[in-house]
Amino acid sequence: MNVNFEMALQYINLGSYEKAEKELRTAIDAETEKGNLSVAAEYRCVLGELLVNIGRKRDANKELKQVVQYCKETGNLKKQLEIAEELLKPRK
């Protein structure tokens with residue numbers, strides 16, 4: 001597991017969402033650079049969920065749409081696809 005991702009989870013638990021977002025973005029970039037696109041998509045899903053939870057729906061949608069696109073193109077990460085699609089649904 002990526003150290004930045006682990007740090008992000010700790011920051012989320014502590015309520016330090018800005019720091020968590022920074023660590024998640026660093027983890028996504030690192031995994032993307034290594035060609036670990038599946039892992040990057042998993043982390044991006046967590047980022048999208050975090051952004052939804054802190055009220056940044058527009059930013060979240062950008063991340064979650066990338067997760068959906070990756071999942072549909074590859075047929076991988078069915079759980080992340082479900083999460084992303086659910087979070088993208090308009091709230092009533």
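Student: How many disulfides does a search of the whole structure find?

Tutor: The search finds zero disulfides, a disulfide being a pair of cysteine sulfur atoms within 2.5 Å. This is a predicted model, in which local features need pLDDT of at least 70 and side-chain atom pairs count only at pLDDT 80 or more, while totals for chains, interfaces and linings use all residues. Residues are numbered from 1 along each chain as its sequence is written, and side-chain values use heavy atoms, with hydrogens and water left out.

Student: What makes Cys-45 buried or exposed?

Tutor: The relative accessible area of Cys-45 is 3%, and buried means under 20%, exposed over 50% and partly exposed in between, with a 1.4 Å probe and protein chains only; therefore Cys-45 is buried. Cys-71, at 2% relative accessibility, counts as buried by that rule.

Student: How many helices and strands does the protein have?

Tutor: The protein has five helices and zero strands, where helices (H or I, at least four residues) and strands (E, at least two) are DSSP runs numbered from the N terminus.

Student: Why is the protein called as compact as a globular protein of that length?

Tutor: The radius of gyration, taken over C-alpha atoms, is set against the globule rule of 2.2 Å times the number of residues to the power 0.38. The protein has a value of 12 Å, close to the 12 Å that the rule gives for 92 residues, so the description applies.
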